[in-house]
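Hi,

Here is the structure I said I'd pass on. Have a look at it first, then read my notes below.

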Amino acid sequence: MDSMNRPVLCIQTVCLVILLGTESTLPEGAREGFQVYSGRLLISLYTTARQSMLLTAAAMNTMKPAGYEGRYVQGFQFYLKHSEEHKAILGYVDKVLPGEFTRIGEGKSKMDVLGVGSGGGEMDAHILSILQSKLPATPLTADIVEPSIQLTDNFKALVKKTPSLQKIPFSWHTVTCGEYEKQVKDKREIKRFDFIHMIQMLYYVDDYPGTIKFFHNLLKENSKLLIVHEAAGSGWDTLWKTYRKELCTKSISDYMSAGDIKVHLERLELKYDEHLIPNTLDITDCFTDGDEMGELLLDFMTEQDHFHQSLTPDLRASILDLLRNRCSTEKEGRILFDCSLSCLLVYS
(Lines give C-alpha, C1' and ligand atoms only; values in the text may rest on other atoms or scores of the structure.)
Protein backbone atom coordinates (compact mmCIF):
# COMPACT_ATOMS: atom_id res chain seq x y z
CA MET A 1 0.00 0.00 0.00
CA ASP A 2 -0.72 2.76 -0.36
CA SER A 3 2.89 2.46 0.81
CA MET A 4 3.25 -1.87 -0.96
CA ASN A 5 5.74 -2.75 0.33
CA ARG A 6 7.40 -4.10 3.53
CA PRO A 7 7.16 -7.24 5.35
CA VAL A 8 5.50 -5.29 7.13
CA LEU A 9 6.30 -2.95 5.43
CA CYS A 10 5.28 -1.16 6.74
CA ILE A 11 3.61 0.74 4.88
CA GLN A 12 6.07 2.01 5.95
CA THR A 13 4.08 2.69 6.21
CA VAL A 14 3.13 4.50 3.67
CA CYS A 15 0.24 4.56 3.80
CA LEU A 16 0.04 1.74 4.89
CA VAL A 17 -3.60 2.48 2.56
CA ILE A 18 -4.59 -0.86 1.98
CA LEU A 19 -6.66 -4.08 -0.08
CA LEU A 20 -7.05 -7.44 -2.02
CA GLY A 21 -6.08 -7.25 -5.73
CA THR A 22 -6.61 -4.62 -8.34
CA GLU A 23 -9.26 -2.03 -7.79
CA SER A 24 -11.74 -3.92 -9.91
CA THR A 25 -11.59 -6.89 -7.55
CA LEU A 26 -11.74 -4.91 -4.32
CA PRO A 27 -14.84 -5.03 -2.13
CA GLU A 28 -17.04 -2.02 -2.73
CA GLY A 29 -16.42 -0.66 0.76
CA ALA A 30 -12.68 -0.85 0.27
CA ARG A 31 -12.85 1.10 -2.97
CA GLU A 32 -15.04 3.76 -1.47
CA GLY A 33 -12.82 4.01 1.57
CA PHE A 34 -10.25 5.97 -0.44
CA GLN A 35 -12.26 8.97 -1.16
CA VAL A 36 -10.58 11.94 -0.10
CA TYR A 37 -10.24 12.36 3.47
CA SER A 38 -7.65 13.94 1.93
CA GLY A 39 -5.57 12.45 1.83
CA ARG A 40 -1.64 7.35 3.10
CA LEU A 41 -5.11 10.16 1.31
CA LEU A 42 -7.79 9.25 3.47
CA ILE A 43 -9.55 11.00 2.67
CA SER A 44 -10.73 7.91 3.63
CA LEU A 45 -8.23 6.60 1.47
CA TYR A 46 -6.78 4.40 3.93
CA THR A 47 -8.52 1.31 2.79
CA THR A 48 -6.75 1.06 -0.42
CA ALA A 49 -3.36 1.77 0.21
CA ARG A 50 -0.20 1.27 2.54
CA GLN A 51 0.80 2.94 -0.46
CA SER A 52 0.35 0.35 -1.74
CA MET A 53 3.09 1.70 0.42
CA LEU A 54 4.64 -1.27 1.67
CA LEU A 55 4.25 -3.28 -1.32
CA THR A 56 5.81 -0.88 -3.56
CA ALA A 57 8.72 -0.45 -1.39
CA ALA A 58 9.71 -3.96 -1.72
CA ALA A 59 10.75 -3.76 -5.24
CA MET A 60 12.74 -0.61 -4.89
CA ASN A 61 16.32 -1.85 -5.06
CA THR A 62 18.04 -2.87 -8.24
CA MET A 63 19.53 -5.91 -6.61
CA LYS A 64 16.18 -7.22 -5.44
CA PRO A 65 13.22 -8.63 -7.36
CA ALA A 66 10.32 -6.38 -8.26
CA GLY A 67 7.80 -9.20 -8.43
CA TYR A 68 5.28 -7.72 -6.06
CA GLU A 69 2.21 -9.13 -7.66
CA GLY A 70 -0.22 -11.92 -6.80
CA ARG A 71 -0.30 -13.26 -3.25
CA TYR A 72 2.10 -10.72 -1.78
CA VAL A 73 -0.01 -7.86 -3.10
CA GLN A 74 -3.09 -9.52 -1.62
CA GLY A 75 -1.42 -9.85 1.76
CA PHE A 76 -0.13 -6.30 1.61
CA GLN A 77 -3.53 -4.88 0.75
CA PHE A 78 -5.20 -7.00 3.42
CA TYR A 79 -2.71 -5.65 5.94
CA LEU A 80 -3.33 -2.08 4.86
CA LYS A 81 -7.06 -2.45 5.07
CA HIS A 82 -7.13 -3.97 8.52
CA SER A 83 -4.29 -2.05 10.14
CA GLU A 84 -5.62 1.28 8.85
CA GLU A 85 -2.00 2.27 8.40
CA HIS A 86 -2.79 4.77 5.71
CA LYS A 87 -5.44 6.30 7.91
CA ALA A 88 -2.87 6.73 10.66
CA ILE A 89 -0.36 8.28 8.27
CA LEU A 90 -3.00 10.53 6.81
CA GLY A 91 -3.68 11.90 10.25
CA TYR A 92 -0.05 13.01 10.41
CA VAL A 93 -0.07 14.27 6.83
CA ASP A 94 -3.18 16.39 7.39
CA LYS A 95 -1.79 17.82 10.61
CA VAL A 96 1.78 18.61 9.57
CA LEU A 97 2.10 18.97 5.79
CA PRO A 98 -0.24 21.93 5.15
CA GLY A 99 2.00 24.23 7.17
CA GLU A 100 5.14 22.69 5.70
CA PHE A 101 3.89 23.20 2.15
CA THR A 102 3.11 26.83 2.85
CA ARG A 103 6.67 27.37 4.06
CA ILE A 104 8.25 25.33 1.26
CA GLY A 105 6.25 27.08 -1.47
CA GLU A 106 6.90 30.62 -0.31
CA GLY A 107 8.29 32.65 -3.20
CA LYS A 108 8.41 29.70 -5.62
CA SER A 109 6.88 29.79 -9.11
CA LYS A 110 6.50 25.99 -9.34
CA MET A 111 6.43 22.98 -7.02
CA ASP A 112 7.99 19.68 -8.09
CA VAL A 113 7.14 16.52 -6.10
CA LEU A 114 8.82 13.11 -6.20
CA GLY A 115 7.14 9.98 -4.85
CA VAL A 116 9.49 7.03 -4.27
CA GLY A 117 7.69 3.71 -3.93
CA SER A 118 4.28 5.27 -4.54
CA GLY A 119 2.39 2.03 -5.04
CA GLY A 120 -1.22 2.57 -6.13
CA GLY A 121 -0.93 6.31 -5.50
CA GLU A 122 -3.39 6.73 -2.66
CA MET A 123 -0.94 8.57 -0.46
CA ASP A 124 0.45 10.59 -3.34
CA ALA A 125 -3.04 11.67 -4.32
CA HIS A 126 -3.73 12.94 -0.86
CA ILE A 127 -0.40 14.73 -0.55
CA LEU A 128 -0.89 16.39 -3.95
CA SER A 129 -4.42 17.44 -2.98
CA ILE A 130 -3.03 19.20 0.09
CA LEU A 131 -0.46 20.98 -2.07
CA GLN A 132 -3.17 22.10 -4.48
CA SER A 133 -5.32 23.43 -1.64
CA LYS A 134 -2.47 25.32 0.05
CA LEU A 135 -0.87 26.66 -3.15
CA PRO A 136 -3.76 26.90 -5.64
CA ALA A 137 -1.97 29.32 -7.96
CA THR A 138 1.31 27.40 -8.07
CA PRO A 139 1.83 24.87 -10.90
CA LEU A 140 2.73 21.35 -9.74
CA THR A 141 4.58 18.44 -11.33
CA ALA A 142 4.78 14.89 -9.99
CA ASP A 143 7.44 12.26 -10.70
CA ILE A 144 6.57 8.73 -9.61
CA VAL A 145 9.10 5.94 -9.01
CA GLU A 146 7.29 2.61 -8.64
CA PRO A 147 8.65 -0.71 -9.97
CA SER A 148 5.39 -2.66 -9.81
CA ILE A 149 3.52 -2.54 -13.12
CA GLN A 150 0.30 -3.59 -11.40
CA LEU A 151 0.47 -0.80 -8.83
CA THR A 152 1.53 1.79 -11.41
CA ASP A 153 -1.50 0.88 -13.52
CA ASN A 154 -3.68 1.32 -10.41
CA PHE A 155 -2.17 4.77 -9.87
CA LYS A 156 -2.76 5.78 -13.49
CA ALA A 157 -6.38 4.62 -13.20
CA LEU A 158 -6.74 6.75 -10.08
CA VAL A 159 -5.45 9.80 -11.98
CA LYS A 160 -7.93 9.21 -14.80
CA LYS A 161 -10.90 9.29 -12.45
CA THR A 162 -9.69 12.20 -10.27
CA PRO A 163 -10.17 15.60 -11.98
CA SER A 164 -7.77 17.45 -9.70
CA LEU A 165 -4.95 15.00 -10.48
CA GLN A 166 -5.52 15.37 -14.21
CA LYS A 167 -4.32 18.97 -13.91
CA ILE A 168 -0.87 17.76 -12.82
CA PRO A 169 1.78 16.62 -15.32
CA PHE A 170 2.99 13.15 -14.22
CA SER A 171 6.27 11.49 -15.17
CA TRP A 172 6.16 7.72 -14.61
CA HIS A 173 9.33 5.81 -13.76
CA THR A 174 8.45 2.11 -13.62
CA VAL A 175 11.86 1.14 -12.29
CA THR A 176 13.49 0.22 -9.02
CA CYS A 177 15.03 2.77 -6.71
CA GLY A 178 18.52 1.74 -7.80
CA GLU A 179 17.64 1.93 -11.49
CA TYR A 180 16.17 5.40 -11.05
CA GLU A 181 19.35 6.55 -9.30
CA LYS A 182 21.44 5.25 -12.21
CA GLN A 183 19.21 6.99 -14.75
CA VAL A 184 19.47 10.28 -12.90
CA LYS A 185 23.25 10.07 -12.62
CA ASP A 186 23.54 9.31 -16.35
CA LYS A 187 21.73 12.53 -17.24
CA ARG A 188 23.52 15.82 -17.69
CA GLU A 189 20.61 17.79 -16.27
CA ILE A 190 19.20 16.61 -12.94
CA LYS A 191 15.65 17.49 -11.96
CA ARG A 192 15.38 18.61 -8.36
CA PHE A 193 12.35 18.63 -6.13
CA ASP A 194 10.59 20.70 -3.49
CA PHE A 195 9.14 17.70 -1.70
CA ILE A 196 10.16 14.03 -1.80
CA HIS A 197 8.38 11.28 0.10
CA MET A 198 9.64 7.75 0.77
CA ILE A 199 6.85 5.93 2.56
CA GLN A 200 7.62 2.41 3.72
CA MET A 201 10.19 1.74 1.04
CA LEU A 202 13.65 1.76 2.61
CA TYR A 203 13.31 -1.86 3.71
CA TYR A 204 14.21 -2.93 0.23
CA VAL A 205 17.48 -1.15 -0.41
CA ASP A 206 20.94 -2.41 0.44
CA ASP A 207 22.77 0.89 0.86
CA TYR A 208 20.60 2.80 3.32
CA PRO A 209 22.84 5.86 3.82
CA GLY A 210 23.68 5.99 0.11
CA THR A 211 20.00 5.93 -0.88
CA ILE A 212 19.06 8.58 1.68
CA LYS A 213 21.95 10.78 0.61
CA PHE A 214 21.09 10.44 -3.09
CA PHE A 215 17.47 11.49 -2.69
CA HIS A 216 18.34 14.21 -0.20
CA ASN A 217 20.70 15.64 -2.82
CA LEU A 218 17.74 15.93 -5.21
CA LEU A 219 16.08 18.48 -2.93
CA LYS A 220 15.97 22.13 -3.89
CA GLU A 221 16.76 24.81 -1.37
CA ASN A 222 14.12 25.19 1.36
CA SER A 223 12.61 21.76 0.65
CA LYS A 224 11.81 18.59 2.64
CA LEU A 225 12.23 14.82 2.43
CA LEU A 226 9.58 12.75 4.22
CA ILE A 227 10.52 9.23 5.34
CA VAL A 228 7.82 7.04 6.91
CA HIS A 229 9.04 3.81 8.47
CA GLU A 230 8.22 1.27 11.17
CA ALA A 231 9.02 2.68 14.59
CA ALA A 232 11.88 1.48 16.74
CA GLY A 233 10.60 -1.00 19.31
CA SER A 234 7.46 -1.79 17.30
CA GLY A 235 6.23 -5.33 16.69
CA TRP A 236 7.83 -5.25 13.24
CA ASP A 237 11.16 -4.26 14.76
CA THR A 238 10.99 -7.08 17.34
CA LEU A 239 9.87 -9.73 14.83
CA TRP A 240 12.33 -9.02 12.07
CA LYS A 241 15.37 -8.41 14.24
CA THR A 242 14.71 -11.50 16.33
CA TYR A 243 14.41 -13.69 13.22
CA ARG A 244 16.68 -11.68 10.94
CA LYS A 245 18.54 -14.77 9.73
CA GLU A 246 15.41 -16.78 8.98
CA LEU A 247 13.30 -14.01 7.41
CA CYS A 248 15.80 -11.76 5.60
CA THR A 249 16.24 -14.17 2.72
CA LYS A 250 14.22 -12.61 -0.11
CA SER A 251 13.60 -9.00 -1.10
CA ILE A 252 14.61 -7.83 2.37
CA SER A 253 18.23 -8.78 2.99
CA ASP A 254 18.44 -6.93 6.30
CA TYR A 255 15.94 -5.19 8.53
CA MET A 256 16.11 -1.73 10.02
CA SER A 257 13.64 0.34 11.97
CA ALA A 258 13.21 4.10 12.06
CA GLY A 259 15.70 4.10 14.92
CA ASP A 260 18.37 2.76 12.55
CA ILE A 261 17.43 5.33 9.90
CA LYS A 262 17.89 8.10 12.46
CA VAL A 263 21.42 6.86 13.08
CA HIS A 264 22.17 7.19 9.36
CA LEU A 265 20.61 10.68 9.24
CA GLU A 266 22.76 11.79 12.14
CA ARG A 267 25.91 10.36 10.57
CA LEU A 268 25.08 12.25 7.38
CA GLU A 269 24.59 15.35 9.56
CA LEU A 270 21.05 15.86 8.28
CA LYS A 271 18.58 17.77 10.42
CA TYR A 272 15.17 16.16 10.92
CA ASP A 273 11.99 16.27 12.97
CA GLU A 274 10.39 13.01 14.18
CA HIS A 275 6.68 12.35 14.71
CA LEU A 276 5.51 9.02 16.17
CA ILE A 277 2.25 7.45 14.99
CA PRO A 278 0.86 4.77 17.36
CA ASN A 279 -1.03 2.01 15.54
CA THR A 280 -2.12 -1.59 16.09
CA LEU A 281 -3.38 -4.49 13.99
CA ASP A 282 -5.71 -7.25 15.17
CA ILE A 283 -3.83 -10.50 14.42
CA THR A 284 -6.08 -12.83 16.43
CA ASP A 285 -6.94 -14.83 13.28
CA CYS A 286 -3.26 -15.70 12.87
CA PHE A 287 -3.62 -18.07 15.82
CA THR A 288 -6.61 -19.95 14.42
CA ASP A 289 -5.56 -23.06 12.48
CA GLY A 290 -6.82 -23.04 8.93
CA ASP A 291 -8.02 -19.43 8.96
CA GLU A 292 -7.47 -18.15 5.41
CA MET A 293 -7.11 -14.49 6.31
CA GLY A 294 -4.82 -15.30 9.23
CA GLU A 295 -2.61 -17.32 6.91
CA LEU A 296 -2.51 -14.54 4.33
CA LEU A 297 -1.51 -12.05 7.01
CA LEU A 298 1.24 -14.33 8.34
CA ASP A 299 2.57 -14.72 4.81
CA PHE A 300 2.83 -10.95 4.47
CA MET A 301 4.26 -10.32 7.92
CA THR A 302 7.03 -12.88 7.45
CA GLU A 303 7.37 -12.45 3.65
CA GLN A 304 6.69 -16.14 3.00
CA ASP A 305 4.74 -17.66 0.11
CA HIS A 306 2.90 -19.91 2.57
CA PHE A 307 3.84 -19.50 6.23
CA HIS A 308 2.79 -22.98 7.35
CA GLN A 309 4.42 -24.69 4.38
CA SER A 310 7.61 -22.66 4.07
CA LEU A 311 8.84 -22.76 7.67
CA THR A 312 9.62 -25.65 9.99
CA PRO A 313 7.14 -26.48 12.79
CA ASP A 314 9.58 -25.29 15.49
CA LEU A 315 10.23 -21.99 13.72
CA ARG A 316 6.51 -21.40 13.15
CA ALA A 317 5.77 -22.05 16.80
CA SER A 318 8.55 -19.71 17.93
CA ILE A 319 7.38 -16.90 15.64
CA LEU A 320 3.77 -17.26 16.75
CA ASP A 321 4.85 -17.19 20.40
CA LEU A 322 6.88 -14.03 19.75
CA LEU A 323 4.00 -12.38 17.91
CA ARG A 324 1.63 -13.05 20.78
CA ASN A 325 3.84 -12.34 23.77
CA ARG A 326 6.44 -9.77 22.69
CA CYS A 327 5.00 -7.96 19.67
CA SER A 328 1.41 -7.53 20.79
CA THR A 329 -0.93 -6.67 23.62
CA GLU A 330 -4.21 -8.39 24.44
CA LYS A 331 -7.45 -6.46 24.83
CA GLU A 332 -10.89 -7.96 25.31
CA GLY A 333 -9.69 -11.28 24.00
CA ARG A 334 -8.14 -9.82 20.84
CA ILE A 335 -4.42 -9.87 20.06
CA LEU A 336 -3.26 -6.44 18.87
CA PHE A 337 0.08 -6.28 17.05
CA ASP A 338 2.10 -3.08 17.54
CA CYS A 339 2.61 -1.62 14.05
CA SER A 340 3.47 1.93 15.13
CA LEU A 341 5.20 4.20 12.64
CA SER A 342 7.72 7.00 12.70
CA CYS A 343 7.59 9.97 10.33
CA LEU A 344 10.95 11.64 9.74
CA LEU A 345 10.81 15.03 8.06
CA VAL A 346 14.31 15.82 6.81
CA TYR A 347 15.45 19.36 6.01
CA SER A 348 17.25 20.19 2.76
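**Rings and charges**

The charged end of Arg324 lies over the ring of Phe287, 4.5 Å from the ring's centre. By "over a ring" I mean that NZ of Lys or CZ of Arg is within 6 Å of the ring centre and within 35 degrees of the ring normal. Lys224 does likewise with Tyr347: its charged end sits over that ring, 4.2 Å from the centre.

Before you go on: this is a predicted model, where local features need pLDDT of at least 70, side-chain atom pairs count only at pLDDT 80 or more, and totals for chains, interfaces and linings use all residues. Residues are numbered from 1 along each chain as its sequence is written, and side-chain values use heavy atoms, leaving out hydrogens and water.

Now the ring pairs. There are 9 aromatic pairs in the structure. Rings of Phe, Tyr and Trp (its six-membered ring) pair if their centres lie within 6.5 Å; planes under 30 degrees apart are stacked, over 60 edge-to-face, and the rest tilted.

One of them is Tyr180 with Phe215, a stacked pair with 6.2 Å between centres and 0° between planes. It links distant parts of the chain, 35 residues apart: Tyr180 is in helix H8 (residues 177-186) and Phe215 in helix H9 (residues 208-216). Helices here are DSSP runs (H or I, at least four residues), numbered from the N terminus.

Finally, Phe155, Phe170 and Trp172 make up one aromatic cluster.

Cheers

Terms used
Helix = DSSP H or I, 4+ residues; strand = E, 2+ residues; numbered from the N terminus.
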